[in-house]
Amino acid sequence: MKENQLLLNAQSVLQNNWKNGFTIPCEGLYPFQWNWDSGFIAIGLAHIDLERAKQEIKSLLLGQWKNGFIPHILFHNKSDSYFPGPEVHASHLNAHAPKLPTSGITQPPVLGFAIEAIYDISNETEKTFVEEVYDQAFLLQQYFYTQRDPYDEGLVYICHNWESGTDNTPVWDLIWKDMDSPNYELNRRDTQHVDAVNRPSNREYQHYIHLIELFKEWRYDDTLIAKNCPFLIQDPLFNAMLIKSNESLVRLGKLLGKDKEVAQLSVWHQKAITTFNSKLFNEDKGAYVYYDLRNRRTIDYVSSSSFAPLFAGIATKAIADSIIKTHFNRGIFSGKENELLLCASFDPTSQDFDPKRYWRGPVWINLNWIIYHGLKRYGFKREAEQLKSDTLYLLEKFGFYEYFDPRKEVVEGLEIGYGGNNFSWSAALYIDFIKRA
Ligand code: DGY
């Protein structure tokens, strides 16, 4: 399909998913406002409708709690096509929560760099907007570094797999193995919209719900969660997004003369980068991995999250070289004969790799966008171009699906992508790939 036609299609996806002030990720499957989706969506919207891009961010900020926390779902509207809804999350149990019902868990903090992208795409005309949202974006960083870093390391934890954004990556199997969650009766709706083989299993969902039930018992109190939660992970993608947002807010803060905020962000930033490299880089794997703070162990699995730190400038040149040599350009993630499209979401050589199931193998457009910018940042032009052309190939062949099979041979014979269709961030980031990248 011609580029122009596809751009028009991308615009209509965003148009159709716009619900009076915010954009749903996907009709039916995700019918509310989602946190990190909104950040990516706002970046795409900035190219076609700046007012909507700004509105998207402002709607997200309506869900901010008094302590700075921003939840992963905002229930502005009613819908019975999704489980678990507002009554399951019950955010009112926490005194910081706003009146607007939200979830009580969060998602990778893309807010800071999404605001910076809107400013850049506007040709630096949107300073007033940056001024309007800056303090709230700063508060979010402050929340993480003061409430989610119990040992004062500069790395924050996540306490639920939905916070990672990579919901069912095989990395979490190790945590579920030791959890004895009850057999909740589930009222799943996702498998009514999408083939169950592409989604997490029922047993996994019982663990997801069990964690929410524990949080409700603890009224979403961060101290109790840090002390008792069986899922407590320092995740490379999540921390990289936070660090990238530090960097963006330092730049924007200088512009606004926010000296105190800039000084504080710079302290968090430096400390975060130092610990990130000493604690999460694994030489044997040639990649950043995970740390399980509850069980005090490294989980040395490699996923697409392992490459996100390039985007935030965390890696030294030597680390970046080692990542590229091991994983890209006939490395593990491109396949020995380059038989894989970049970038699988989980280690393709692992027995747990599943090219069809959500975050256990398929290619995701937002991770490709993050890794593409990381590769460019370090000057890996050829690999960046490969990643971009694989991304455009998938979107041009299938349209704006949620995720895609990474196996070239299989993709040739397929007619559709996986998961939801007309998926907002796939459309939004296509627009950004074409107009800016
Ligand atoms: C889902 O429902 O699958 C979402 O990813 C959780 O936020």
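Colleague: What is the accessible surface of the chain, and what share belongs to carbon and sulfur atoms?

Modeller: The accessible surface comes to about 16,400 Å², and 46% of that belongs to carbon and sulfur atoms. Such areas come from the Shrake-Rupley method with a 1.4 Å probe, and for residues only the protein chains shown count as cover. This is a predicted model: local features need pLDDT of at least 70, side-chain atom pairs count only at pLDDT 80 or more, and totals for chains, interfaces and linings use all residues. Residues are numbered from 1 along each chain as its sequence is written, and side-chain values use heavy atoms, with hydrogens and water left out.

Colleague: How do you know that the radius of gyration agrees with a compact globule?

Modeller: The rule for a globule is 2.2 Å times the number of residues to the power 0.38, and the radius is taken over C-alpha atoms. For 437 residues a compact globule would have a radius near 22 Å; the chain has 20 Å, which agrees. Along its principal axes the C-alpha trace spans about 55 × 55 × 45 Å.

Colleague: What share of the contacts with a separation of 6 or more comes from residues 24 or more positions apart?

Modeller: Such residues account for 70% of those contacts, where a contact means heavy atoms within 4.5 Å.

Colleague: Why is asparagine 20 called exposed?

Modeller: Exposed means over 50% relative accessible area, buried under 20%, and partly exposed in between (1.4 Å probe, protein chains only). Asparagine 20 has 76% relative accessibility, so it counts as exposed. The residue lies in the loop between α1 (3-16) and β1 (33-34).

Colleague: Why does asparagine 422 get another label, partly exposed?

Modeller: Its relative accessibility is 40%, so asparagine 422 counts as partly exposed. Asparagine 422 has a positive phi of about 50 degrees although it is not a glycine, and its place is the loop between α17 (408-413) and α18 (424-435).

Colleague: What makes helix α5 largely enclosed by the rest of the structure?

Modeller: Helices are DSSP runs of H or I with at least four residues, strands are runs of E with at least two, and both are numbered from the N terminus. In α5 (residues 111-121), 10 of the 11 residues are buried, so the helix is largely enclosed. Among the buried residues are Phe113, Glu116 and Tyr119. The buried residues pack against several helices, including α2 (35-48), α6 (127-147) and α12 (236-256). Just after α5, asparagine 123 takes a positive phi of about 60 degrees.

Colleague: What is the strand order of the open sheet of 3 strands?

Modeller: The order is β3-β6-β7, with antiparallel pairing. β3 (233-234) and β7 (297-299) stand at the edges, each with a single partner strand, so one side of each is left without a neighbour in the sheet.

Colleague: How do you know that β3 and β6 pair?

Modeller: Two strands pair if DSSP finds at least two bridges between them. For β3 and β6 (residues 290-292) there are 2 bridges, and the strands run antiparallel. Glutamine 234 stands opposite tyrosine 291 in β6.

Colleague: Which peptide bond at a proline is cis?

Modeller: The bond joining phenylalanine 83 and proline 84 is cis, with omega about 5 degrees. Proline 84 lies in the loop between β2 (73-74) and α4 (86-89). The bond from leucine 342 to cysteine 343 is cis, with omega near 0 degrees.
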